[in-house]
Amino acid sequence: MREKGNDLRGSSQSYDIVIIGGGPAGLAAAVSARESGIESILILERDKELGGILNQCIHNGFGLHTFQEELTGPEYADRFIQKVNDLKIEYRLNTMVMDISPDRRVTAMNRTDGMFVIRAGAVILAMGCRERARGALNIPGYRPAGIFSAGTAQRLVNREGYMPGREVVILGSGDIGLIMARRMTLEGAKVKAVAELMPYSGGLKRNIVQCLDDYGIPLKLSHTVVDIRGKERVEGVTLAQVDENGRPVPGTEEYYPCDTLLLSVGLIPENELSRGMGVGINPVTSGPVVNESLETNIPGVFACGNVLHVHDLVDYVSKEAAAAGRNAAAYVQSLSGESSFVRGTDSGITLEAESGVRYTVPSVIRPAYMEDSLTVRFRVGGVYRNCYVSVYFDGERVIHRMRPVMAPGEMEEIVLKKEQLLQYPSLKTVRFTVEEV
Amino acid sequence: MYDIIIIGAGVSGTAAARELSRYEADICVLEKEEDVCCGSSKANSAIVHAGYDAVPGSLKARLNVRGNELMGDLARELDFPFERRGSLVLCLNEEEMPELQALYDRGVENGVKDMRILTGEEVLAMEPNVADNVCAALYAPTAGIVCPFGLNIAMAENACANGVAFQFNTQVDKITKLEEGYALHTNNGTFRARFVVNAAGVYADALHNMVSDDRIHITARRGDYCLLDKEAGGHVGRTIFALPGKRGKGVLVTPTIHGNLLVGPTAVDVEDKEAVNTTAEGLAELTAKAQMSVKNIPMKQVITSFAGLRAHEDGGDFMIGEVPDAPGFIDCAGIESPGIASSPAIGEMIAQILCEKMGLKKKKDFIATRQGITDPSRLSMDERNALIMENPAYGNIVCRCEMVTEGEIVDAIRRPLGARSLDGVKRRTRAGMGRCQSGFCSPAVMDIIARECGMDLYDVTKSGGGSRILTGVNKDAL
């Protein structure tokens, strides 16, 4: 793969838009910003190739919404990489962004350019997320070799061709855990169980069927790991049932001899750079607080993809990132009077998440600046059957939509129309809530 | 035949090795693990205590105060991270004021300098996150925090530079008395020495009892800890202790030298001297206790928990000196807290003992300083670019959480007594020690270790022995 562009050594370069991260979000944002008329775009990617985590997701099921095809992760990424190349968008690989200042000076480093500073007209944050580690769960026991996050195991197996274990227990039934249960089985390992702390799976229903049921792998809901044995290499783990508060129930312990424990216990948006520059973070999503333009509290700084909130489907990441790209382009054009994009955050309409709805993205809407329609994405906090998603404009219920099943593992969305919002000129709050029949 | 063999490459053993390397002597350190700093030295509070805790007149009291004094110069000479942040012992109950005063008096008697008793208001002005019901505290500005790995590795590297040999993966199973000196029988053959230093941590009793009828007994006293994300690192600025009281000894809350927050330890006696497993009860206990001293500790930000073992000798004090019925066999046993703080003085004391016994002569060409692995984050952009120009590996970030470059990792492997495992790299560079706990960087670090050491990726371990990371290649079991 060829990297294109100027010599970045020294510290005088500037770009209209600098995109932090060349995964699915960064790529889609770059393409849409270019298609919106911005010439000067630079993507900074820390890995050795574009595509992000998709490069290790060699299973299929990507792109059903975007391309009406079932693609593998690398194939899906390649569609966007092709576009980036066709549009001659500049990017730098193996390049780590070290710091972003509030006035959008991006400090980055790689082997050939050394450390350099770029001035950005707009910044799009697209750094993705990382896996939660064992420590965050306080799983007691020893700390031997053989404990991997599911994503690390996925990288070793799918990209390096090495097996991280032979007899495996997986904690967490998020999508990566489910996918890895199947992958490890196909590569010759014995997956003994997938344990899930919650009484429901955190993954997509289709993955439970295709990755566990089809291979006879037991899913143990309301279970967790209460002990890890083995001083050098994992020798076994103890699972126990948990009560409604997630506390292990004494007497339910069951020992599973195994040499490997894979953890798929949640993803955390990687917002260290965002925090460093003063971007406000939503404690529920661990992602930036954004308005309808996906702009953070710092003017000209936008966020999209898993750094904003963790998605289930890359198709939605691409859609969201395309919006961020368009909005960043409008922002840059407004600086030269080409667009009406207004800087700063007006107070706008606050979106509130209530009873069952955990959060919404965005959390502020300024109707004047929104496109004709706006997709509001959110997750619910539990499993709901035959319930309604209701949206209240101040006191008035304006949307009331039946959902047969809602679960925390599946992101929900509601589309708001600009013309509808404009009918309520003094609207202060839009509330999203789950209502039973 | 060596002049001196030191058993154990923890802080005590390497402090002794470094001090003894000032003299003309043929010295070897035997270590059962694959690296230095693999036992109690790697899993502890990393506090350089001021020295008010120990009973006046005890070795612990004397060596702690002396070790604390030496630590600043040692850190400069050997280039490891150390800061005198100060410590506070909190009194949360008016009734316990006499105990706080007694601690102060004991500190004065032990020779601790610059201590003060602060009012509750003064404490809260200094540390706003301390419990609101604090009524007073003993403030000791000389207390510090250190990188325990950095200290241990620095002393080992400097000893090595001064000619001390190190034998890893070498466990002493049996000791026989020779006409002069001792024969140490190990899995790697027999080593002979005129003098032996027993710095074997929790196993020092087993080694002592191989040569002496006057038996000693060391209990492994386990302590669980939680380490929090750097985002929580500023929650307190100094080491916060609870006054030992009716509810037992509290746990400490401290910033670490690298900017994390550390909470712990518990204290549970265990039979198994390798039992460094954390327990649910231990983690729950330390969380509850820490919150009595410091409010709003963001325990959601725990990135890892771990347990370490204190080598507690029944007598309760350090045991340092020649074993009466085993001439030439020098114990350095029962080194529990304040062992890290005392280590420079422990090394000095052992060197003094052997100097007198052996009539050692000072070397003319002793190298007093050692340079650590370059930390690029402390360089200016120009300096950093000069470094990258010279060696592009310093431009390649491998561990994104701790921003560790390939250049640092390669240095950690190539330098004398270099890293051979993921944990070895981690202790030297912090790669893998950050918030993702090596999720992203471990495959890359494994590649670098394999390349630099000329080994197959399959043979890379977490920490030597049977701790291989990989079990084979895809489909090899089908």
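**Close-up views of a two-chain predicted model**

View 1. Glu272(A) and Arg275(A) both belong to helix α7 of chain A. They sit 3 residues apart, about one turn of the helix. The model shown here and in every other view is predicted. The side chains of Glu272(A) and Arg275(A) form a salt bridge, with 3.7 Å from N to O. Side chains of opposite charge can pair when their charged atoms come close. Over all chains, a search of the whole structure finds 63 salt bridges.

**View 2. Leu294(A) has a positive phi.** Which loop holds Leu294(A)? Leu294(A) is in the loop between α7 (272-277) and β20 (301-303) of chain A. Its phi is near 60°. That is a positive value in a residue other than glycine. Most residues other than glycine have a negative phi.

**View 3. A cis peptide bond joins Val361(A) and Pro362(A).** Omega is about 0° at this bond. Pro362(A) is part of the loop between β22 (357-361) and β23 of chain A. Most peptide bonds are trans.

**View 4. An open sheet of chain A has 5 strands.** The order is β23-β21-β28-β25-β26, and the pairing is mixed. Which strands stand at the edges? They are β23 (364-365) and β26 (396-406) of chain A. Each has a single partner strand, so one side of each is left without a neighbour in the sheet. Strand β21 (residues 349-354) of chain A pairs with β23(A) in the antiparallel sense. The pair is joined over 2 bridges. Here Thr350(A) stands opposite Val364(A), a residue of β23(A).

**View 5. Chain A is seen as a whole.** Its secondary structure comes to 9 helices and 28 strands. The radius of gyration of chain A is 23 Å, close to the 22 Å that the globule rule gives for 437 residues, so chain A is as compact as a globular protein of that length. Along its principal axes, the C-alpha trace of chain A spans about 70 × 60 × 40 Å.

**View 6. Chain B meets chain A.** How many residues does each chain give to the contact? Chain B gives 57 residues and chain A gives 50 residues. The size of an interface is often given as the accessible area lost when the parts come together. Between chain B and chain A, the buried area is about 4,400 Å². Carbon and sulfur atoms give 55% of that area.

View 7. The rule finds 7 salt bridges between chain B and chain A. The side chains of Asp272(B) and Lys231(A) meet in a salt bridge, at 2.4 Å from N to O. On the side of chain B that touches chain A, the elements that give two or more residues are α7 (280-293), β18 (302-313), α9 (381-390), α12 (442-453) and β23 (472-473) of chain B. By class, that side of chain B has 26 nonpolar, 18 polar and 13 charged residues.

**View 8. Strands pair between the chains.** Strand β11 (residues 162-163) of chain A is joined to β23(B) by 2 bridges. The two strands run antiparallel. Which residue is the bridge partner of Met163(A) in β23(B)? The partner is Gly472(B).

**View 9. A cis peptide bond joins Gly264(B) and Pro265(B).** Omega is about -10° at this bond. Pro265(B) lies in the loop between β16 (261-264) and β17 (268-270) of chain B.

Conventions: Residues numbered from 1 in each chain as written. Chains lettered and ligands numbered in written order. Predicted model: local features only at pLDDT ≥ 70, side-chain atom pairs only at ≥ 80, totals over all residues. Heavy atoms only, no water. Contact = heavy atoms within 4.5 Å. Buried area = accessible area lost by both parts, 1.4 Å probe. Salt bridge = Lys/Arg side-chain N within 4 Å of Asp/Glu carboxyl O. Helix = DSSP H or I, 4+ residues; strand = E, 2+ residues; numbered from the N terminus. Nonpolar A, V, L, I, M, F, W, Y, C, P; charged D, E, K, R; others polar. Pairing = 2+ DSSP bridges. Rg over C-alpha atoms; globule rule 2.2 N^0.38 Å.
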